[in-house]
Each structure stands twice: as structure tokens, then as C-alpha cells.
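Reader: I'd like to walk through this one with you, feature by feature. Can you show me how to read it?

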Amino acid sequence: MTDLSVQIGDLTLASPVMPASGTFAEGLERVIDLNRLGALVTKTITRELRAGNPLPRVVERPGGLINSIGIPSKGVPHFLDHTLPYYAAYRTPLVVSISAPTAEGFAELAAEISRPGVAAIEANISCPNIEEDGRAFAMNAASTEAVMRQLRAATSLPLWAKLTPNTGDLPDVARAAEAAGADAVVVANTILAMAIDLNTFKPCLGNVMGGMSGPAIKPIVLRQVYQCARAVRIPVIGCGGVSDTEDAVEYMLAGATAVQVGTATFLQPAAMTMIIDGLAKFCERRDIARVADLVGAVVNEEADEPELAWLAP
Amino acid sequence: MSVHHMSASASEVALGGNRADWSASIVAERAEVASNDEINAEYRHLVVRGSEIAARALPGQFFQLLCPQTGGDQPFLRRPMSLYGVDPTQRQIEFLYKVTGAGTRGLATLRPRDSLDIMGPLGVGFTLSPGFRSIVVVGRGAGLATLAPLARAARDSGISVTAILSARRPELLVSVDLFKREGAQVVAVTDSESTSGPANVERILRRLIAEGRCDAFFACGSSRLLRVQQRLAREFGIPGQVAMEQQMACGLGLCYCCVRDFHVGGEIVHRRVCWDGPVFDMMEALP
């Protein structure tokens with residue numbers, strides 16, 4: 001029997017597979033057994049009530065989709081009264097994704113939702129839709145460190161920073177999150193993207209730009225996970241186009257301690273539990289006792305760091 | 001057969017978290033194509049054999065189909081397709097579709113014995129209340145398929161049906177024979193015969209109401225006709241249900257891509273067509 005558990009800071013996950021924020025809600029309970037997942041990750045909540053972006057909110061492109069949902073949020077009371085009690089019935093750790101327009105706002109929200117039943121906070125400091133032109137805290141190291149320090153002071157819960165792939169400074173941003181006290185970094189959010197309708201000449205999304213996800217972005221984010229895993233000592237959680245067991249293994253070899261699955265769930269709603277089963281089989285076949293042994297196990301004999309430096313960022 | 005709302009309440013679902021005997025009530029599976037035939041110049045009729053869970057689908061519910069990639073078309077997301085018919089004993093699930101884009105072009109290539117990845121049953125379907133004695137369904141376009149399963153469900157519940165079916169031309173009407181076979185009275189209205197306009201449909205509806213043959217409205221596929229029904233529903237205090245359409249991604253209420261505005265208690269609220277619907281209270285819908 002393969003040991004599928006992984007350690008994210010003080011938190012032990014029964015398996016290294018969890019949903020990506022924004023692609024998980026109670027409906028999935030009808031398709032898969034949520035108790036089998038490594039963690040449950042909520043949609044991002046905000047203090048303010050948000051209706052979300054104008055439609056269309058999604059457009060498909062070969063190998064993926066571009067979305068611009070705009071973080072619809074029913075606010076903190078709805079979360080405390082409905083969402084939190086709802087997930088209390090599951091033994092799977094609940095990770096709550098939060099976002100705010102300011103560092104103070106992030107800290108206040110983190111304090112408000114630091115309640116029994118919440119296993120960790122994922123600070124979505126990277127959503128490309130919130131800020132003008134897709135700019136976000138995680139675009140640079142200084143603003144990342146500032147917001148993460150305020151968050152660290154506001155809660156004693158494990159704190160994950162969800163980083164944006166839309167920066168050339170990603171390893172520096174990851175280091176800044178670590179320096180400010182993050183327990184893990186999630187690499188990464190969606191890649192800022194766009195599509196135009198050739199009949200109407202209009203952008204395909206109501207918000208003009210959106211975030212790309214799906215298999216098409218996997219090689220890009222895999223490279224970023226590899227870079228971040230070499231830059232920090234805290235766990236890296238890989239997120240970007242994971243669709244099957246092989247993708248999850250590849251991410252773990254690159255240095256991810258766990259993976260988040262998002263868009264794949266839209267195509268195969270049981271993708272996460274299929275990957276968990278697949279990881280156990282993969283490890284058995286390769287005689288690997290613990291799935292955690294895959295983490296960072298990429299064999300890189302030829303190139304050393306100085307030779308790779310020209311590839312930066 | 002009686003028709004119930006399918007969505008379990010939050011408390012029921014939450015209990016599932018503690019149960020050892022969890023089981024799926026929505027499945028994504030490879031179904032086998034039984035037939036896929038052209039029925040007129042626009043529509044095709046697809047029949048697949050699925051699992052027992054898939055074949056529990058109820059009128060108004062839908063499936064998300066992973067359409068085959070063919071030629072230059074690479075549909076990435078699943079495509080929502082409303083249930084046209086179901087036979088739980090044969091485990092057969094039927095769809096009616098019009099080839100309009102990359103997804104349906106792929107569906108049109110399917111042959112008997114091919115497999116098709118279907119996910120469902122999804123969403124909240126129609127509700128036939130025990131108090132209804134006669135109902136009126138009004139459909140056009142995709143609505144002709146979505147409303148069709150109501151014919152048998154109503155007959156099984158002893159409810160009589162008048163179906164007002166609308167299309168551009170008489171030869172493009174679908175579901176007429178199906179409704180008639182289940183004992184429904186069919187009123188066909190078409191653009192080419194100048195009978196499909198809101199004024200004429202309103203005349204027909206007023207006559208049905210006056211004859212006591214309209215305890216409830218069921219609608220799908222026409223905003224213009226929905227407005228007529230809403231006006232009459234308000235005037236005569238008749239309840240109604242409408243199946244709404246919207247572009248979808250996940251089909252499970254996860255992504256919030258398919259929200260629409262609804263008028264609820266004096267407020268405009270967003271609801272997910274895939275999970276909170278696709279069938280909604282007619283008076284809350286904004287055409």
C-alpha cells in the first residue's frame with residue numbers, strides 16, 4: 001500500500017490532490033466522495049458583496065478555456081452561516097480562499113474567518129481580474145511581502161499564498177511570501193489571456209481579458225513550479241492544467257508537494273479521485289513507498305543552476 | 001411517474017460527508033450510441049444506452065456531452081443537452097439536436113455502437129404538482145425537445161396536456177407526433193403560416209384559460225412567448241415553470257459561468273442555470 005499522505009507545513013493531507021479555488025462547490029458531492037480528497041478549497045470569498053463580471057464569462061480555446069468570472073461573493077456572514085457548517089460534515093481539511101482590495105482588507109478578512117473548521121487560508125493575491133489591467137499583489141515581491149506580513153499577523157492558521165503566473169519575478173515573489181511567513185505557495189493562478197470573436201469583432205469575454213487554464217498552460221506552469229520549488233523551502237502546490245495522473249506526477253517531480261485540479265473537473269468531474277487512484281498505482285508499479293518521495297525527484301544531471309540562469313525569468 | 005425536484009437540500013448533502021456508503025447520483029460515463037438519425041432538415045435524434053443512474057433522468061434535466069473532436073473542430077468543454085426522452089428499463093437516453101457548431105457537428109458523426117461520454121443527470125427539472133388537471137406547454141426551437149418528456153410524465157400523472165409548438169416552417173416542427181402519441185392536444189404555429197406571433201398565441205392561450213384547460217404553464221425556447229405567458233399568468237394567477245438556456249462550462253454549479261438575472265422578492269439576483277435550474281419559476285425569469 002502506497003502512503004499517499006503529504007505534509008503542507010503542519011497540515012497533513014491524506015492525498016496530494018485537491019480542487020483549485022473557483023472550480024469547487026457542493027455540486028461535486030454528487031459525483032465524487034469528497035472525503036477522498038486531500039483538501040477542499042472554497043471559491044474565493046471577499047468581505048464585500050460582489051455580483052461578478054458581465055457575461056460571457058468563459059470562452060474555450062484549443063486545450064483550455066479563458067474565464068473571467070469576477071469573484072462573485074456573498075460576503076462573510078453567508079460564509080460563516082452556510083458554507084462553513086456545510087463542510088463541517090467532511091473529515092477533509094477545509095482551505096478557505098480569500099481576497100481583498102487592500103492588505104488591511106486581507107488581514108481583517110483572515111481574522112474574521114479564522115474559526116474552528118477552517119484548516120488553512122489560501123490568500124488569493126493573484127486573481128488577474130480584480131485589479132486594473134490584471135495587476136495584483138503577487139505581481140512583485142514587495143507588495144507580496146507587505147500583504148503576507150499583515151496576513152501572518154492576523155491569523156495563526158496555516159497560510160498559503162496563491163501566486164500569479166503573470167510576472168517575470170515569480171521565484172522572488174515566492175521567496176517574499178516565504179519570508180513573510182507563508183506556510184506554502186500555490187503556483188499558480190490563471191495566465192492572463194484574451195480571445196476575439198471574428199464574426200462580431202468583439203472580445204469573447206464580457207470583461208475583455210480573462211485567465212487561461214487547462215492542459216494548454218501546463219508546461220508553462222510546470223516550469224514555474226520547478227523554479228519556485230528551487231527558490232523556497234516551504235511546500236509548493238502545483239496548479240495549472242493538471243488533468244490526469246501523469247500530469248500530477250510530473251508536477252511532483254518538478255517539486256510540487258501537492259497539486260490542485262481545476263479545469264479538468266469541468267471535463268471529467270471525477271478527475272481528482274481518478275488521479276488519486278492513479279498515483280497509488282503509479283507508485284506501486286515503480287516500487288515507490290510514499291507518494292511524497294516523488295516531490296522534487298526530477299533527475300537533472302546535465303545542467304546546473306548557472307547554466308540555466310539565462311532562461312530567467 | 002411523478003416528477004420531483006432533484007436537488008438535495010444542503011443538510012441532506014452534508015450528512016453524506018459522514019456516511020460510509022457514499023454513492024454517486026451524477027455520473028460521467030461512456031454510453032453506447034444506439035441510433036443517431038436525421039429527422040428533418042435541421043434536427044437529429046440521438047439515442048444512447050447508459051447506466052441506471054444516468055437513466056434516472058427526469059423531464060427538464062439535462063446532460064453534459066463530451067462531443068467528439070472531428071476535422072478542424074476541437075470542442076474543449078462539454079455541451080449541455082436537454083433530455084428528450086428516457087427509458088429507465090432499457091436504460092436509454094434520448095436527445096434531439098440541431099447541428100449549429102463545433103459540438104453538434106461532432107455529435108452528428110456518431111454511429112450506432114460508437115461511444116459517447118455523457119455526464120448527468122444534471123439540474124432541477126419540471127415539477128408536476130398533484131393539483132394540476134391540465135397544463136399548457138409552449139415551446140419553440142430547443143424548447144421543443146426540452147418540453148417533450150413532460151408529455152409522458154403528465155400522462156402518467158393523469159394530467160391532460162395542450163402543447164403549442166412553434167417553428168419557422170411546418171416541416172421543421174419536431175415533437176408533434178410524440179406529444180400526440182402521449183395523448184396531448186397539439187396546436188402547431190409557424191412563421192410561414194403567420195400563426196406564431198405573440199398576438200395569435202395569446203388568443204389561443206386565452207381560449208384555453210377560458211375553457212379551464214390551463215392549471216399551469218410550461219415554457220422553453222421563446223422569450224417573446226414567455227412574456228405573453230408571464231402576462232397571462234399574472235392576470236389569471238396561473239403558476240408556471242420555464243426552462244432557461246445559457247452558455248455553460250462545468251454543469252455542476254462550480255464555475256458560475258452560466259448565471260442569469262432573476263427577479264426574486266423585489267430584487268434582481270443571479271442564479272446558476274446549470275444548478276439552480278435550468279427550470280425556474282416562470283414569474284422570476286427575466287426573458
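Reader: How many residue pairs are in polar contact across the interface of chain B and chain A?

Author: Keep in mind that this is a predicted model. Across that interface, 13 residue pairs are in polar contact, both partners having pLDDT 80 or more. On the chain B side, α1 (10–16), β7 (115–122) and β14 (267–272) each bring at least two residues to the face that touches chain A. The biggest giver is α1(B), with 4 residues.

Reader: And by class, what does the side of chain B that touches chain A have?

Author: That side has 23 nonpolar, 10 polar and 4 charged residues.

Reader: How many salt bridges does the rule find between chain B and chain A?

Author: For these, look for a Lys or Arg side-chain nitrogen within 4 Å of an Asp or Glu carboxyl oxygen. The rule turns up 2 across this interface. Take Glu26(A) and Arg272(B): their closest N and O atoms are 3.7 Å apart, and they form a salt bridge.

Reader: Now the area. About how much do chain B and chain A bury between them?

Author: Roughly speaking, it's about 3200 Å², with 60% of it on carbon and sulfur atoms. Look at Trp22(B), Phe76(B) and Leu254(B): they supply 25% of what chain B buries against chain A, more than any other three residues. As for who takes part, the contact draws 37 residues from chain B and 38 residues from chain A.

Reader: Let's do cysteines. How many disulfides does the structure hold?

Author: The general idea is that a disulfide is a covalent bond between the sulfur atoms of two cysteines. Over all chains, this structure holds 0. Cys214(B) is in no disulfide, and the nearest cysteine sulfur, that of Cys220(B), is 17 Å away. Cys255(B) is in no disulfide either, although the sulfur of Cys257(B), its nearest, is 3.5 Å away. The cut-off here is 2.5 Å between the sulfur atoms.

Reader: Are Cys214(B) and Cys255(B) buried or exposed?

Author: Buried means under 20% relative accessible area. Cys214(B) has 8%, so it counts as buried. Cys255(B) is at 4%, so that one is buried too.

Reader: Last one: where is Phe126(B) placed?

Author: Phe126(B) sits in the loop between β7 and β8 (134–140) of chain B. Phe126(B) and Arg111(B) are 15 residues apart in sequence, and their C-alpha atoms are 31 Å apart.

Technical notes. Residues numbered from 1 in each chain as written. Chains lettered and ligands numbered in written order. Predicted model: local features only at pLDDT ≥ 70, side-chain atom pairs only at ≥ 80, totals over all residues. Heavy atoms only, no water. Contact = heavy atoms within 4.5 Å. Buried area = accessible area lost by both parts, 1.4 Å probe. Polar contact = N/O pair within 3.5 Å; in protein donor to acceptor, adjacent residues only side chain to side chain. Nonpolar A, V, L, I, M, F, W, Y, C, P; charged D, E, K, R; others polar. Buried < 20%, exposed > 50% of the residue type's maximum accessible area, 1.4 Å probe, protein only.
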